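Subject: Structure for you to look through

Hello,

Here is the structure I said I would pass on. Please open it first, then read the notes below.

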Amino acid sequence: ADATIADPTLAEMGKNLKEAMKMLEDSQRRTEEENGKKVVSGDIPGPLQGSGQDMVSILQLVQNLMHGDEDEEPQSTRIQNIGEQGHMALLGHSLGAYISTLDKEKLRKLTTRILSDTTLWLCRIFRYENGCAYFHEEEREGLAKICRLAIHSRYEDFVVDGFDVLYNKKPVIYLSAAARPGLGQYLCNQLGLPFPCLCRVPCNTMFGSQHQMDVAFLEKLIKDDIERGRLPLLLVANAGTVAVGHTDKIGRLKELCDQYGIWLHVEGVNLATLALGYVSSSVLAATKCDSMTMTPGPWLGLPAVPAVTLYKHDDPALTLVAGLTSNKPADKLRALPLWLSLQYLGLDGIVERIKHACQLSQRLQENLKKVNHIKLLVEDELSSPVVVFRFFQELTGSDPVFKAVLAPNMAPPTVGRERHSCDVLNRWLGEQLKQLVPVSGLTVMDLEVEGTCVRFSPLMTAAVACVLKSRLLRSTGSKA
């Protein structure tokens with residue numbers, strides 16, 4: 001149905017965005033066809049023209065700056081990959097600026113509706129009943145605000161006495177040894193806390209996963225901190241560690257946090273699976289946590305949409321002072337790109353993208369299990385959408401593969417020769433796979449215990465590939 005948009009500015013905005021994107025794409029295509037005949041735009045800014053320039057000229061400049069060194073840029077970064085659903089997310093930023101010009105009462109009503117709708121949809125999709133939502137650009141920012149809320153909740157005199165109350169009873173934030181690098185330092189810098197307020201919880205080494213938090217050891221640490229007059233404040237658990245996608249024993253951690261009055265925050269890529277019909281019990285336990293941070297942008301293939309921290313708290317005064325809620329319309333409008341995109345995709349589209357990524361992981365796991373000399377690192381987590389694998393084989397200097405990949409001057413000392421050889425081979429394997437299938441998003445990483453491995457995390461890349469495939473099918477008229 002060709003329903004007309006009554007607001008001319010709104011209609012013009014959608015039209016202009018579409019034309020601008022088409023202009024940039026067409027311009028890039030022409031540049032590629034000219035094969036080296038492109039005009040090089042100077043990097044040194046010139047004087048601002050007195051008469052002004054038209055939109056086409058300005059967009060041409062943007063295009064030149066974006067794709068001037070196209071030969072050095074990987075194909076996957078090009079603007080054609082965004083697709084129609086991406087245009088909806090980008091429209092949200094332009095639309096937000098336009099909405100902010102409305103009169104105060106209209107603005108208040110509209111922004112409140114956008115925020116409440118988006119919060120409700122996300123809480124229902126990801127099974128987080130009666131939650132509130134904080135939208136933020138920096139992925140770690142939500143956790144920093146949650147820590148601030150936990151401090152205000154546990155230290156009644158903090159608003160008045162500030163750091164004095166913290167000095168007398170130091171707060172402790174517990175992080176897994178498998179937490180993302182730099183997270184602890186970031187939190188301390190944001191909160192103005194000294195590094196001793198961080199407690200690194202080791203992962204299991206004797207039993208279970210080497211990437212899951214050691215719950216028994218955590219309880220010992222908590223008891224020790226209480227005896228020393230400290231206040232156990234907050235625990236960050238993983239539903240999919242950054243490295244290998246393992247999920248902590250969140251159910252047991254929640255019981256421990258309830259026992260000692262500790263705030264439980266969960267983050268990780270496996271939280272995306274909460275949208276599916278079947279969810280593993282370990283990830284499902286995250287729905288009972290105090291807060292969780294999610295990244296719907298990469299999960300759904302949406303550019304420039306915010307990360308979201310869902311949380312439960314019943315004191316609006318404290319959430320306001322912690323920065324999780326705001327009366328400013330501009331803050332509420334951060335939800336707008338997601339509000340548009342979620343409606344565009346629909347519930348079925350959202351679930352389909354996440355399911356597609358999980359199926360890719362399962363297919364790869366099944367095939368890798370049939371290959372000799374390939375070790376999977378996620379066998380204890382069949383439902384994990386992250387696949388980490390490693391080639392292993394005892395090599396000798398006479399091995400032809402060894403000679404082909406290892407240069408003579410890279411021959412390691414006798415001790416650890418096999419480990420070093422396998423690491424080099426796995427690095428080579430990963431790089432080769434990345435070149436063969438660039439859109440797969442494969443990464444090579446070094447793990448302390450296992451060595452160099454290859455990781456496949458389609459939840460962070462597959463949605464874009466899915467969009468590319470659907471656009472290709474439409475353009476070729478295929479009905480695959």
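In which helix does Ile58 lie? Ile58 belongs to helix 2, which covers residues 55-67. Please keep in mind that this is a predicted model. Together with Val62 and Met66, Ile58 makes a nonpolar surface patch of about 220 Å².

Asp161 is part of helix 6 (residues 158-161) and is partly exposed, at 38% relative accessible area.

Helix 4 runs over residues 104-125. Its 22 residues, at 1.5 Å each, should span 32 Å, and the end C-alpha atoms are 31 Å apart, which agrees. Its buried residues include Leu107, Ile114 and Leu122. Just after helix 4, Arg127 has a positive phi of about 60°.

Now the salt bridges, of which the structure holds 16. In one of them, Arg180 pairs with Glu267, with the closest N and O atoms 3.3 Å apart. Arg180 sits in the loop between strand 2 and helix 8, while Glu267 is in strand 5, 87 residues apart. Arg180 is buried at 16% relative accessibility, and Glu267 is buried at 5%.

Another joins Asp423 and Arg390, whose closest N and O atoms are 2.9 Å apart. Asp423 is in helix 17 and Arg390 in strand 9, so the pair ties together parts that are 33 residues apart in sequence. Both Asp423 and Arg390 are buried.

Regards

Notes: Residues are numbered from 1 along each chain as its sequence is written. This is a predicted model: local features need pLDDT of at least 70, side-chain atom pairs count only at pLDDT 80 or more; totals for chains, interfaces and linings use all residues. Side-chain values use heavy atoms; hydrogens and water are left out. Helices (H or I, at least four residues) and strands (E, at least two) are DSSP runs, numbered from the N terminus. Buried means under 20% relative accessible area, exposed over 50%, partly exposed in between (1.4 Å probe, protein chains only). The expected span of a helix is 1.5 Å times one less than its number of residues. Patches are made of residues with over 30% relative accessible area and no salt bridge: like charges are joined within 9 Å, nonpolar side chains (Val, Leu, Ile, Met, Phe, Trp, Tyr) within 5 Å. Accessible areas come from the Shrake-Rupley method with a 1.4 Å probe; for residues, only the protein chains shown count as cover. A salt bridge is a side-chain nitrogen of Lys or Arg within 4 Å of a carboxyl oxygen of Asp or Glu.
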